[in-house]
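This briefing describes the structure displayed below, working through its sheet, its helices and several individual residues.

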Amino acid sequence: MSAKVLVVDDAAFMRMMIKDILTKNGYDVVGEAENGADAIAKYRELTPDLVTLDITMPEMDGLAALKEIRSFDSNAKIIMCSAMGQQAMVIDAIQAGAKDFIVKPFNAERVIEAVSKTVAQ
């Protein structure tokens with residue numbers, strides 16, 4: 001059975017890119033969200049095996065969503081997505097329980113490496 005993934009990014013183009021990479025590699029993208037609040041609701045509804053979570057989003061950023069999801073599911077497997085130059089936020093995210101991070105623009109091999117490693121944990 002392939003891992004169920006929730007893709008969270010405020011940019012539809014970025015969601016489409018990561019969804020395309022994941023589905024081509026056998027992952028099942030079960031949902032998408034465009035902000036942190038939506039991500040939390042979808043996480044509760046879909047119970048995915050893994051979440052790719054953008055750091056910078058409107059309404060609720062990825063760091064706040066990460067902390068909220070981990071507060072009710074300490075086993076949540078979350079990979080943060082960040083643009084270049086967000087190292088401090090990435091460190092905060094890892095300390096808050098993120099399993100890994102991938103940098104935009106996405107490199108397909110790096111995305112699959114992070115996802116497969118995290119799913120196996």
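Which residue in β5 is the bridge partner of C81? The partner of C81 in that strand is I102. The model discussed here is predicted.

- Strand β4 (residues 78-82) runs parallel to β5 and is joined to β5 by 4 bridges.

**Helices on the sheet**

**The α2 and α3 pair**

- Helix α3 (residues 62-72) packs with α2 at an angle of about 25 degrees, and the two axes are 9 Å apart.
- Because angles under 35 degrees count as roughly parallel, α2 and α3 are roughly parallel to each other.
- Their crossing is right-handed.
- On the α2 side, the residues involved are G36, A39, I40, Y43 and R44; these meet A65, E68, I69 and F72 in α3.

**D54, the annotated position**

- An unreviewed UniProt entry lists D54 under "modified residue: 4-aspartylphosphate".
- D54 lies in strand β3 (residues 50-54).
- The relative accessible area of D54 is 3%, and D54 counts as buried because the limit for that class is under 20%.
- When residues up to four places away in sequence are not counted, D54 touches V8, D9, D10, G62, M80, C81 and K104.
- C81, one of these contacts of D54, is also the residue whose bridge partner in β5 is I102.

**S82 in strand β4**

- S82 is placed in strand β4 and is buried, with a relative accessibility of 2%.
- Neighbours within four places in sequence aside, S82 is in contact with I55, V90, I102, V103 and K104.

**I112 in helix α5**

- Helix α5 (residues 108-120) contains I112.
- I112 has a relative accessibility of 18% and counts as buried.
- Although I112 and Y27 are 85 residues apart along the chain, their C-alpha atoms are separated by 9.6 Å.
- Y27 is also in contact with I112, as are I21, L22 and N25, with residues up to four places away in sequence not counted.

**A96 in a loop**

- A96 is located in the loop between α4 (87-95) and β5.
- The C-alpha atoms of A96 and L66 are separated by 7.3 Å, and these residues are 30 residues apart along the chain.
- Not counting residues up to four places away in sequence, A96 touches L66, K67 and R70.

How values were computed. Residues numbered from 1 in each chain as written. Predicted model: local features only at pLDDT ≥ 70, side-chain atom pairs only at ≥ 80, totals over all residues. Heavy atoms only, no water. UniProt positions renumbered as here; feature names shortened; annotations may be inferred. Helix = DSSP H or I, 4+ residues; strand = E, 2+ residues; numbered from the N terminus. Buried < 20%, exposed > 50% of the residue type's maximum accessible area, 1.4 Å probe, protein only. Contact = heavy atoms within 4.5 Å. Pairing = 2+ DSSP bridges. Axes fitted to C-alpha atoms, helices over the stretch in contact; angles between N-to-C directions. Parallel < 35°, antiparallel > 145°, perpendicular 65-115°, else oblique. Left-handed = near helix turned anticlockwise from the far one by under 90°.
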